[in-house]
Amino acid sequence: MTKKYRIKTSCPQCGCSGVSHLSEEEIKKRYGDVPNIELECHECMMIMDADVQEDTNADE
Ligand SMILES: [Zn+2]
């Protein structure tokens, strides 16, 4: 089974927030093997830290 992660972001500048679900593989492909993932807000382009948590809810 592949581990899944929930990536939560909230932008301190414009207040938007979002959640995305990625597998461990997808995370490594996109962000490399780093402990901290930084994302760019799609509204205001600010760089923000993402909160990554293992997604234990396998209800898909
Ligand atoms: Zn923003």
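**Contacts and sheet architecture of the predicted chain**

Of the contacts in the chain with a separation of 6 or more, 49% are made by residues 24 or more positions apart, a contact being two residues whose C-beta atoms, placed from the backbone, lie within 7 Å. The model is predicted: local features need pLDDT of at least 70 and side-chain atom pairs count only at pLDDT 80 or more, whereas totals for chains, interfaces and linings use all residues. Residues are numbered from 1 along each chain as its sequence is written.

Along the principal axes, the C-alpha atoms fill a box of roughly 35 × 25 × 15 Å.

The chain has 1 helix and 4 strands, arranged from the N terminus as β-β-α-β-β. Both element types are DSSP runs numbered from the N terminus (helices, H or I, at least four residues; strands, E, at least two). The 4 strands form an open sheet of order E2-E1-E4-E3 with antiparallel pairing, where pairing requires at least two DSSP bridges between two strands. Strand E2 (17–23) and strand E3 (38–40) stand at the edges, each with a single partner strand, so one side of each has no neighbour in the sheet. From one strand to the next, the twist averages 35°, with axes fitted to C-alpha atoms (for helices over the stretch in contact) and angles running from 0 to 180 degrees between N-to-C directions.

Helix H1 (residues 24–31) packs on the sheet, touching strand E1 (4–10) and E2, and its direction makes about 110° with that of E2. E3 and strand E4 (residues 47–54) run antiparallel and are joined by 3 bridges; Glu40 stands opposite Ile47 in E4.
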